[in-house]
Amino acid sequence: MSALPDDLRALVRDEGRGVAVLVVRLGAMGDVLRALPAVRRLRAALRNARLAWVVDRPWAALLRGQGAVDEVLALPRRSLREAGRWLGSLRALRAFGADLVIDFHGNLRSGVVGLLSGARARLGYDGHQQKEGNRWLLTHRAAAGERRVSRVARNLALLAQLGIAPEPPGGTVLAVDAAMRERVGARLGGGRYVAINPGASASQAYKKAPIDLLAAAAREASRRGLRPVVLWGPGERADARAVGAAAAGDAALAPDTPLPELAALLAAAV
């Protein structure tokens with residue numbers, strides 16, 4: 001497809017002055033995090049632009065406070081059950097007034113979100129990184145490149161279509177507030193600890209490590225003077241308890257932690 005319009009290219013060269021850019025990466029959590037380096041690079045290059053990120057509601061808390069975008073627009077995942085929230089989200093989407101959409105997701109839903117935003121330029125992937133007809137909802141497409149490329153690198157490469165060098169910014173993926181880190185540490189009772197995660201997404205349960213292996217890791221950590229803390233999320237409490245039982249008292253379940261606190265818990269682990 002054709003290059004971006006000259007006026008948008010000019011605005012990008014002027015660090016995005018006067019332009020509104022909408023980032024679309026709806027989920028899942030790991031893919032949202034792997035889009036964050038590219039969005040931070042976008043923020044650094046377009047200092048004068050307004051940036052918003054459309055994401056599924058469960059992951060919105062991860063993005064707030066990161067400084068990468070000016071607004072986080074949370075979409076309900078069950079639109080039919082949450083019709084009122086969906087209409088409110090649609091109004092917020094239109095009110096943002098996007099000039100350009102960057103679709104890192106590449107499916108039908110993300111394409112529809114970009115279309116409904118009203119942006120006149122919608123950039124995304126061609127080839128294997130798009131599905132469900134997403135490519136037909138874009139105005140500009142970029143080759144997806146080789147299949148065996150990390151999502152972080154692929155997301156950064158998409159920015160080259162805007163003349164932005166695909167160089168990741170320094171620092172950690174998630175910025176963790178020091179005060180929150182202290183609060184989480186206090187909830188865990190202080191001291192040095194290791195985090196053990198027995199869970200995996202419901203569709204990829206084959207990725208779970210064996211319970212006995214995790215329990216052995218917990219016992220070894222305890223032997224070395226480190227407190228093992230077993231993480232769990234929705235639907236994962238049984239797996240966490242199984243690790244604790246197999247570790248025979250050498251592992252403790254993490255407290256119920258919202259996502260920002262979970263990030264702090266992981267950041268403070270040894």
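What volume does the second largest pocket have? The second largest pocket has a volume of about 210 Å³, where a volume is the space filled by probe spheres set on grid points that are joined across faces, edges and corners. A pocket here is, on a 1 Å grid over the protein atoms alone, an open set of points where a 1.4 Å probe fits, with protein on both sides within 12 Å along at least five of seven lines, and lining residues have an atom within 4 Å of a point.

The model is predicted, with local features needing pLDDT of at least 70 and side-chain atom pairs counting only at pLDDT 80 or more, while totals for chains, interfaces and linings use all residues. Residues are numbered from 1 along each chain as its sequence is written, and side-chain values use heavy atoms, with hydrogens and water left out.

**Now centre on R25.** R25 sits in the loop between β1 (20-24) and α2; helices (H or I, at least four residues) and strands (E, at least two) are DSSP runs, numbered from the N terminus. R25 counts as buried because its relative accessibility is 6%, buried meaning under 20% relative accessible area, exposed over 50%, and partly exposed in between (1.4 Å probe, protein chains only). A polar atom of the R25 side chain lies 2.4 Å from the backbone oxygen of G27. If neighbours within four places in sequence are set aside, the residues in contact with R25 (heavy atoms within 4.5 Å) are D31, V32, A35, W53, V54, V55, F104, H105 and R151.

**Next, show the salt bridges.** The whole structure holds 12 salt bridges, each a side-chain nitrogen of Lys or Arg within 4 Å of a carboxyl oxygen of Asp or Glu. Select D126 and R141, whose closest N and O atoms are 3.5 Å apart in a salt bridge. This pair links distant parts of the chain, with D126 in strand β5 (residues 121-126) and R141 in strand β6 (residues 140-143), 15 residues apart. Salt bridges that share partners also join R25, D31, R34 and R151 into one network.

Then move to R109 and D56, whose side chains meet in a salt bridge at 2.8 Å, N to O. Here too distant parts of the chain are linked, R109 lying in helix α5 (residues 108-116) and D56 in strand β2 (residues 50-56), 53 residues apart. D56 counts as buried at 5% relative accessibility, whereas R109, at 27%, counts as partly exposed.

**Finish at the largest pocket.** The largest pocket has a volume of about 1,300 Å³. Its lining comprises 34 residues, of which M29, W59, E236, L259 and L262 lie nearest its centre. Colour α2 (29-45), α3 (57-63) and α10 (259-268), the elements that give two or more residues to this lining; α10 gives the most, with 5 residues. By class, the lining of the largest pocket has 19 nonpolar, 10 polar and 5 charged residues.

Methods. Ala, Val, Leu, Ile, Met, Phe, Trp, Tyr, Cys and Pro count as nonpolar, Asp, Glu, Lys and Arg as charged, and the others, Gly among them, as polar. A polar contact is a pair of N or O atoms within 3.5 Å; within protein, one must be able to donate a hydrogen and the other to accept it, and residues adjacent in sequence count only if both atoms are side-chain atoms.
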